[in-house]
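This note is intended for a colleague who is meeting the structure for the first time. Please read the numbered points below with the model open.

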Amino acid sequence: MARRATTVFVVLAATDTVLAGMGRDRLRRLTKPLLMPVLMAGSDHASRRALAFGAVGDAALLRTGDAAFTAGLVSFLAGHVAWIAALRQRPGGGRLRSRPALALPYLAAFGLLNVYLWQRTGKDRIPVLGYSTALLAMALAALDTGSPRAAAGGALFMLSDSMLALKKFAGIQFPAHEGLVMATYASAQALLALPMDPAPGTGQFSSASAPRIRAS
């Protein structure tokens, strides 16, 4: 990621996280919509497609009501599908084939959350289950790349969306809940958009690592 884009993103994400934690939703209309476009500026084509859906979802969730929630759900669902496609293009895949037990914590978290929410989601039960399945598939695709950065991004995305679901459908809210949601979400998108990890012992990205994020 270009250094300038990284700096701008970190400042925006930190500001938006603080504003979210304080409940300053009106001011967030100036920060949240800029997060994904900044990441897109330094990303490869496949990642930009996924981030674009995130940008649409961010804008939708700045509003309240069922229509805004549905628009956000659909946008992020499309974003997860786009991330799966982008992650599968990256080299080094097959981590789960060699170590399938790595998927167990993800499957356990998915199962426990959906069992807990099943009686609480009402008419949204099937859409929420479909969305969480796509979210799980994206996180597993990130894990399968063998990149610790991508794996962390997928895991943080699951955590962020789980906190959102627990608040909306079960009324469970942590201190500075919205700030925690934004911190994990912004970190997830940034980690997924980063280039592949350096080759061991070299400190340089492998020549096979693609797609890369453009240098400034």
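1. In which helix is the place of Arg4? Arg4 is found in helix H1, which covers residues 3-22. The model under discussion is a predicted one. Arg4 counts as exposed, because its relative accessibility is 69% and the cut-off for exposed is over 50%. Between the C-alpha atoms of Arg4 and Val38 there are 9.7 Å, and the two residues stand 34 residues apart along the chain.

2. The overall make-up of the chain should be noted next. Its secondary structure consists of ten helices and zero strands, and the pattern along the sequence reads α-α-α-α-α-α-α-α-α-α. The chain has 216 residues, of which 44% count as buried.

3. Helices H7 and H8 deserve a separate point. In general, a pair of packed helices is described by the angle between the two axes and by the distance between those axes. Helix H7 (residues 104-117) packs with helix H8 (residues 125-144) at an angle of about 165°, and their axes are 10 Å apart. H7 is therefore roughly antiparallel to H8, since an angle over 145 degrees counts as such. The crossing of the two helices H7 and H8 is right-handed.

4. Which residues of H7 meet H8? From H7 they are Tyr106, Leu107, Phe110 and Asn114. On the side of H8, the residues they meet are Leu129, Ser132, Thr133, Leu136, Ala139, Leu140 and Leu143.

5. Tyr106 is a residue of helix H7. Is Tyr106 buried or exposed? Tyr106 counts as buried because its relative accessible area is 13%, and the cut-off is under 20%. Setting aside neighbours within four places in sequence, Tyr106 is in contact with Leu136, Ala139, Leu140, Leu143, Ala151, Ala155 and Met158. The C-alpha atoms of Tyr106 and Leu140 are separated by 7.7 Å, although the residues are 34 residues apart along the chain.

6. How many aromatic pairs does the structure hold? There are three aromatic pairs. One of them joins Phe69 and Phe169 edge-to-face, with 6.0 Å centre to centre and 80° between the planes. This pair links distant parts of the chain, 100 residues apart: Phe69 belongs to helix H5 (residues 66-88) and Phe169 to helix H9 (residues 148-170). Phe169 is buried because its relative accessible area, 14%, falls under 20%.

7. A further aromatic pair is formed by Phe157 and Tyr185, again described as edge-to-face, with 5.6 Å centre to centre and 75° between the planes. Phe157 lies in helix H9 and Tyr185 in helix H10 (residues 177-193), so this pair ties together parts that are 28 residues apart in sequence. Both Phe157 and Tyr185 are buried. Together with Phe76, these residues, Phe157 and Tyr185, form one aromatic cluster.

8. Two placements of a charged group over a ring complete the note. The charged end of Lys168 sits over the ring of Phe69, 4.3 Å from the centre of that ring. Phe69 is also a partner in the aromatic pair with Phe169. Likewise, the ring of Trp118 has the charged end of Arg125 over it, 4.8 Å from the ring centre.

Note on methods. Residues are numbered from 1 along each chain as its sequence is written. This is a predicted model: local features need pLDDT of at least 70, side-chain atom pairs count only at pLDDT 80 or more; totals for chains, interfaces and linings use all residues. Side-chain values use heavy atoms; hydrogens and water are left out. Rings of Phe, Tyr and Trp (its six-membered ring) pair if their centres lie within 6.5 Å; planes under 30 degrees apart count as stacked, over 60 as edge-to-face and the rest as tilted. Helices (H or I, at least four residues) and strands (E, at least two) are DSSP runs, numbered from the N terminus. Buried means under 20% relative accessible area, exposed over 50%, partly exposed in between (1.4 Å probe, protein chains only). A charge sits over a ring if NZ of Lys or CZ of Arg is within 6 Å of the ring centre and within 35 degrees of the ring normal. Axes are lines fitted to C-alpha atoms, for helices over the stretch in contact, and angles run from 0 to 180 degrees between N-to-C directions. Angles under 35 degrees count as roughly parallel, over 145 as roughly antiparallel, 65 to 115 as roughly perpendicular and the rest as oblique. A crossing is left-handed if the near helix is turned anticlockwise from the far one by less than a right angle, and right-handed if clockwise. Contact means heavy atoms within 4.5 Å.
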